[in-house]
Amino acid sequence: MKITPEEVDYVALLGRLNIGPEEKKKYQAQLDDILKYMDMLAEVDTDNVEPMAGPVELHTPLREDLVLPSLSIEDALANAPAKIGSSFKVPKVIE
Amino acid sequence: MPELHDMTASELARVLISGETTSVEITRSLLARIDKLEESIHAYVTVAPESALDMAAEADRMIAAGKAAPLTGIPIAIKDNMCIKDRKTSCGSRILGNFKPPYDATVVRRLKDAGMVILGSANMDEFAMGSSTETSYWGPTRNPWNTEMIPGGSSGGSAAAVAAKEAVVSLGSDTGGSIRLPAAFCGVTGIKPTYGAVSRFGLVAYASSLDQIGPIARDVKDIALLLNLLCGHDPRDSTSVPREYPDFTSVLEKSVKGMTLGLPTEFFSKLDNEDVSRTVADARKTFEDLGIKFVDLSLPHLDYGIAAYYIIAPSEASSNLARYDGVKYGHRAEEYSGIIDMYCNTRAEGFGPEVKRRIMLGTYALSSGYYDAYYVKAAKVRTLITNDFKKAFESCDAIFCPTAPSPAFRIEEKIDDPMQMYLTDVFTIPVNMAGLPGMAIPGGFSRDGLPIGLQLIAPHFKEEVLVQLSAAFQRETDYHLKTPAL
Amino acid sequence: MEYEPVIGLEVHAQLLTDSKAFCSCTTRFGNEPNTNTCPICQGMPGVLPVLNRKALEFTVKMALACNCTINETSRFARKNYYYPDLPKNYQISQYELPVAEHGWLDLETNGEIRRIGITRIHMEEDAGKLIHDENRPFSHVDLNRTGVPLVEIVSEPEMRTPEQAADYLRALRSILVYLEVCDGNMQEGSFRCDANVSIRPKGTTALGVKAEVKNMNSFRNVQRALHHEIERQIETLKEGGRIVQETRLFDPSTGTTAPMRSKEQAHDYRYFPDPDLLPLRVEPELVERMRSQLPELPAEKKERFIQLGIPAYDAGVLTASRALADFFERTVELFPNPKAVSNWMMTEFMRELKGEEADISCCPVSPSQLANLLKSVEDGTISGKIAKTVFEEMFRTGKEPEEIIREKGLVQVSDTDELTAACREVLDANAGEVAKYLSGKTKIFGFFVGQVMKKTKGKANPGLVNSIMEEELKKRS
């Protein structure tokens, strides 16, 4: 088994996905299948190979420190599922 | 004059400038076509007739004022993952809810500035994750050649709209084959440009280091016109490459005599579909008649492309899709107790199974203890794949292979077997891994009458080579002129 | 068993750029939430980051001032965690390859130099703010602060006392302010600090299990929190308990630390290179340009002040804040007696400013005004004592010293005839005391002088009064 039920629970929580027991079984089997396929990568000799984060072989451009107008408060909150005053509203966060 | 919806963009541009027709008339013709066919094809998530006609009227004014650009007044469909200001952009997902972006994607801005007419948003696999356009929250799109079949994905709506003549041209996005595969399955022409050639600003991200926007059209002439419009540096995208691009229409008539195409043995050893093998052999003959030489070459790490891709793309996706949490925009669950529960329920309700699968897969690959074995290993294999291509291009101008191992398959055939679905992209994924341009062109038909696509792959920023080769092929063949009986 | 605390600090400083790290929203905002956001800092679908050049330049400056090696190539990484003040639910930060590494700062505590290693300096983006509703079951999310550029400075675990930690923080803040890359305001959170605290048996080298302490918003609270946390860990071990790796919040009202209640304890940040940003290259040319722009730093300035004849302690106080040091130097330019200026600033000035944490930018007295006051003392226009009164008035009203002296008639009386007359009047009126003096009780000389000063409302030239009084008393013997 490449991925245990506990690991499925762990990644579901890390990814903030609520999944039911039936779904969990299905995902575990499918992920296991996929991860087994990934095993082939172990055959590849990658010693002294640099990992590649993306195809562009340049360096990140720099923007001048200029201020441009922000969104109006109406536009900033237009898509909010819940708001209060000019804030987004969420269930209470306890630290 | 043929019916307006039958004409390509370059043909329409000609009759628009000559005054034989107007953009409003063209747009009406397309809207009527959409009305007639959408029930059976479902290429669109949203059609916007009123704003399309407004844009067409504006295009007509531009033309009348002598301010027409080459694509002014041409109706286009846009994949539902590109932000259009104040218009619902859903990415084929429930989680975006009624999200209306307060800004235009750079490509959308370019189309608007050129006076193109946006017909609506094309259907797609949810968050571009899929090869069949079946994972859309809005239901599957059907292949215009056979509505029992999938159109390919994830830009299935964009390809089907062009094939069914519900749009003159369209925009798709391609992360592992999502333009080329549906183009091939729907018998149209599509290109994934070099990574960094077209701005990703405003493209809802799936896998940022692989995503690239590109055009889909009925012939390569229209592709060249759209590349002229789309390619170019965007200071709002840090991965956009500053460079000059040629006029892609300038190579349309250019001879291909003496050019060399490479045949990767690793691709051809995998071919077990007779229709595809025959199509490739026929195409080779056509190219040889045009004076092209073929060389065998090896891409030794190609076999690892899918494994590496399905680590890298989900890893990036797991992070890119974290923002859909029900706080700032989009869907929020009604039932929850506390913030974590709100996140978990919102995302469980908002995402479909394929998206959840990839989020979990990517989260796993990045998680403590697995990062080196999965993400880093895959990123190293990516380097090897890229180096294979670099070496291969020392002996050829472009690489030639099929777009997919088979023609379109049946709806629901692979939906419960993700691994089988992933293997559909075996020929397209390596191109994204290396960031190369890849073109899909119609190459023939299966015995069941389904289109089969060819693929041409060029070195970085050598799109003009793909345009030149494809244009030569389309001068010699008429597969791209065939249209489904609808 | 005797235990030794091991303290490492992570400092986050907001950089004083005009616009945010990856978008063009302003970094200066008022009170209304979400008025300074855009699709990019709100993390809307489709947006992409582009790095602010100034944020890089400021970071490089700080790295140079902390003696770091600048990495020619570094990389942005995503730190993934869910929190409502983090709109993308990942923070753009740096992980494997930071902008700068391997630096150090020398701290002087009681004349002893201690070198604190700086592990790394990197750039990241700030999160927004959560405002908790006291009475109702929800929180408000304000994204104005989201995306403000931060520099994170991570020290080696090389501090052994809370006082050393506070000294290190003061030194770091002072450098940031000298460089004009951060305003250093701890109360408002533009300069923040988290501490990693562990203890180990004295004499051993292995590191113990550490606790991360957060929520300390003043130097004093840093010391209080660290003292408490060290005590707590020692007590825990002594009672046979075990230290667990956790994040603890300091509560300023009780002076104690307590574990965070959040379920987010089990962090797995899943760092990976941010595919939206290319590798960051810091051109040698940029490094050299920043190096050439470095101002004189606190340690160098202090050394120079000592060379001017200022006592080491005073030089330390004057250079702790760049504004204070600048004030001193501008005053010395106009009144070239460094010791006199320093004495004045260390006493009257500090008293009015109410300690080193006060902001000199609010000081109503200018260097030229202070120099003029000191000149008035030097040329005898007013006495040193009167000068204190004048200074208080200057601080209160912002008026020129000359104006105050004139208005209040505070010019020193140096007229010999006038002072002789005053002395005689005092002696005449106090015949008893004069008799005592003449009989040998010379200690009461000061009484006579005091009476003259009282009579002249403090304006009499004290030196002259002394000599005249002596003469007059001699005459009466």
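Predicted model: local features only at pLDDT ≥ 70, side-chain atom pairs only at ≥ 80, totals over all residues.
Local features need pLDDT of at least 70, side-chain atom pairs count only at pLDDT 80 or more, and totals for chains, interfaces and linings use all residues. Residues are numbered from 1 along each chain as its sequence is written, chains are lettered from A and ligands numbered from 1 in the order in which they are written, and side-chain values use heavy atoms, with hydrogens and water left out.

Start with chain A. It has three helices and three strands. Both kinds of element are DSSP runs, numbered from the N terminus: helices are H or I with at least four residues, strands are E with at least two. From the N terminus on, the order is α-α-β-α-β-β. The C-alpha atoms of chain A fill a box of roughly 55 × 45 × 25 Å along the principal axes. The radius of gyration of chain A is 23 Å, whereas a compact globule of 95 residues would have one near 12 Å. That radius is taken over C-alpha atoms, and the globule rule is 2.2 Å times the number of residues to the power 0.38. Of the 95 residues of chain A, 46% count as buried. Buried means under 20% relative accessible area, exposed means over 50%, and partly exposed lies in between (1.4 Å probe, protein chains only). Contact means heavy atoms within 4.5 Å. Among contacts in chain A between residues at least 6 apart in sequence, 37% join residues at least 24 apart.

Now turn to chain C. It holds 15 helices and 17 strands. Its C-alpha atoms fill a box of roughly 95 × 55 × 50 Å along the principal axes. For contacts in chain C with a separation of 6 or more, 69% come from residues 24 or more positions apart.

Next come the interfaces. The size of an interface is often given as the accessible area lost when the parts come together. Here, buried area is that loss (1.4 Å probe), summed over both parts. Chain A and chain B bury about 5000 Å² between them, with carbon and sulfur atoms giving 70%. Chain A brings 53 residues to the contact and chain B brings 66. Two salt bridges cross between chain A and chain B. A salt bridge is a side-chain nitrogen of Lys or Arg within 4 Å of a carboxyl oxygen of Asp or Glu. Glu23(A) forms one with Lys356(B), and the closest N and O atoms are 3.6 Å apart. On the chain A side, the elements that give two or more residues are α1 (5-14), α2 (21-38) and β3 (87-91). The largest share, ten residues, comes from α2(A). By class, this side has 35 nonpolar, seven polar and eleven charged residues. Ala, Val, Leu, Ile, Met, Phe, Trp, Tyr, Cys and Pro count as nonpolar, Asp, Glu, Lys and Arg as charged, and the others, Gly among them, as polar.

Chain B also meets chain C. There, 39 residues of chain B are in contact with 33 residues of chain C. The buried area is about 2900 Å², 60% of it on carbon and sulfur atoms. One salt bridge is found across this interface. Asp276(C) pairs with Arg200(B) in a salt bridge, with the closest N and O atoms 3.1 Å apart. Chain B gives two or more residues to this side from each of α10 (305-320), α11 (339-350) and α12 (353-366). The chain B side divides into 20 nonpolar, eleven polar and eight charged residues.

Inside chain B, look at helix α1 (residues 9-17). Its buried residues include Ala9(B), Leu12(B), Val15(B) and Leu16(B). The cover over the buried residues of α1(B) includes α2 (23-41), α3 (49-64), β4 (169-174) and α7 (220-230) of chain B. After α1(B) comes Gly19(B), with a positive phi near 85°.

Finally, two loop residues. Lys165(B) sits in the loop between α5 (156-163) and β4 of chain B. Lys165(B) counts as buried because its relative accessibility is 8%. His301(B) lies in the loop between β8 (293-297) and α10 of chain B. His301(B) is buried too, at 18% relative accessible area. Not counting residues up to four places away in sequence, His301(B) touches Val44(A), Leu384(B), Ile385(B) and Asp388(B).

Key. Buried area = accessible area lost by both parts, 1.4 Å probe.
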